[in-house]
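Morning, everyone. Today I want to talk about charged side chains and how they pair. Have a look at the model first.

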Amino acid sequence: MHGLINKAVETFFWHTYGAERWQRVVTTAELGFSEFEAMLIYDDEQSERLLEVVCAEIGRPRNEVLEDLGTFLVSHPMLEPLRRLLRFGGVTYVDFLNSLDDLPDRVRLAVSDLHLPQLELQEHTQGLFSLVCNPDMPGFANVLVGVLRAMADDYGALVMIDHRRRRDGAELITIALIETSYAEGRTFELGAGTG
């Protein structure tokens with residue numbers, strides 16, 4: 001598993017539940033270290049064990065924890081550059097959705113050895129979309145659900161999102177766009193500095 005993914009779990013947990021609980025997770029998972037290096041590759045079994053211990057520590061199911069991670073990645077002020085990167089997908093939430101097909105390729109441009117599952121967006125009727133996520137990375141679709149919800153808030157859109165596994169193993173996320181301007185979205189300027 002790529003270190004950026006493990007580092008994201010670490011950062012989410014540490015900022016949400018605190019350093020003391022993170023140390024308990026590290027000890028229970030028998031990692032042998034307390035911080036992940038973002039650019040290293042870790043054994044999948046080690047990453048899976050980490051996630052199991054995190055879920056046990058906070059007493060929540062894996063899918064909920066991963067969805068919360070996705071929300072955290074977009075909404076935490078410390079991760080504003082990621083939010084800005086996602087906002088380059090377009091002016092509206094529909095533009096953003098249509099940019100998701102290219103997300104794995106755009107990620108590889110930034111981090112060549114980080115391979116996200118292929119995504120395929122389909123628009124069935126106006127405002128009703130489905131996003132197919134290949135099963136290459138278990139749990140990625142749950143993270144994506146959190147990202148999609150947080151980005152809807154960011155754009156000020158009202159959406160209903162459903163997630164299920166298909167018979168072929170791929171995961172299907174259904175997005176019903178109820179209203180594009182439900183609330184005032186967060187400001188975004190293309191040329192804005194980082195501070």
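I'll go through some of the salt bridges and where their residues sit. Keep in mind that this is a predicted model.

The whole structure has 14 salt bridges. Side chains of opposite charge can pair when their charged atoms come close.

Start with Glu-57. Which residue forms a salt bridge with Glu-57 at 2.9 Å? That is Arg-21, with 2.9 Å between the closest N and O atoms. Arg-21 belongs to helix 2, residues 19-28, and Glu-57 to helix 3, residues 44-58, so this pair ties together parts 36 residues apart in sequence. Arg-21 is partly exposed, at 25% relative accessibility.

Glu-57 also meets Arg-24 in a salt bridge, 2.7 Å from N to O. Again the link runs from helix 2 to helix 3, with Arg-24 and Glu-57 33 residues apart. Arg-24 has a relative accessible area of 38%, so it counts as partly exposed.

Now to Arg-87. Its side chain meets that of Asp-154 in a salt bridge, at 2.5 Å, N to O. Arg-87 is in helix 5, residues 80-87, while Asp-154 is in helix 8, residues 140-155, so the pair ties together parts 67 residues apart in sequence.

Are Arg-87 and Asp-154 buried or exposed? Both are buried.

The pair is also part of a network. Salt bridges link Glu-80, Arg-83, Arg-87 and Asp-154.

To recap: Glu-57 pairs with Arg-21 and with Arg-24, and Arg-87 pairs with Asp-154.

Conventions. Residues numbered from 1 in each chain as written. Predicted model: local features only at pLDDT ≥ 70, side-chain atom pairs only at ≥ 80, totals over all residues. Heavy atoms only, no water. Salt bridge = Lys/Arg side-chain N within 4 Å of Asp/Glu carboxyl O. Helix = DSSP H or I, 4+ residues; strand = E, 2+ residues; numbered from the N terminus. Buried < 20%, exposed > 50% of the residue type's maximum accessible area, 1.4 Å probe, protein only.
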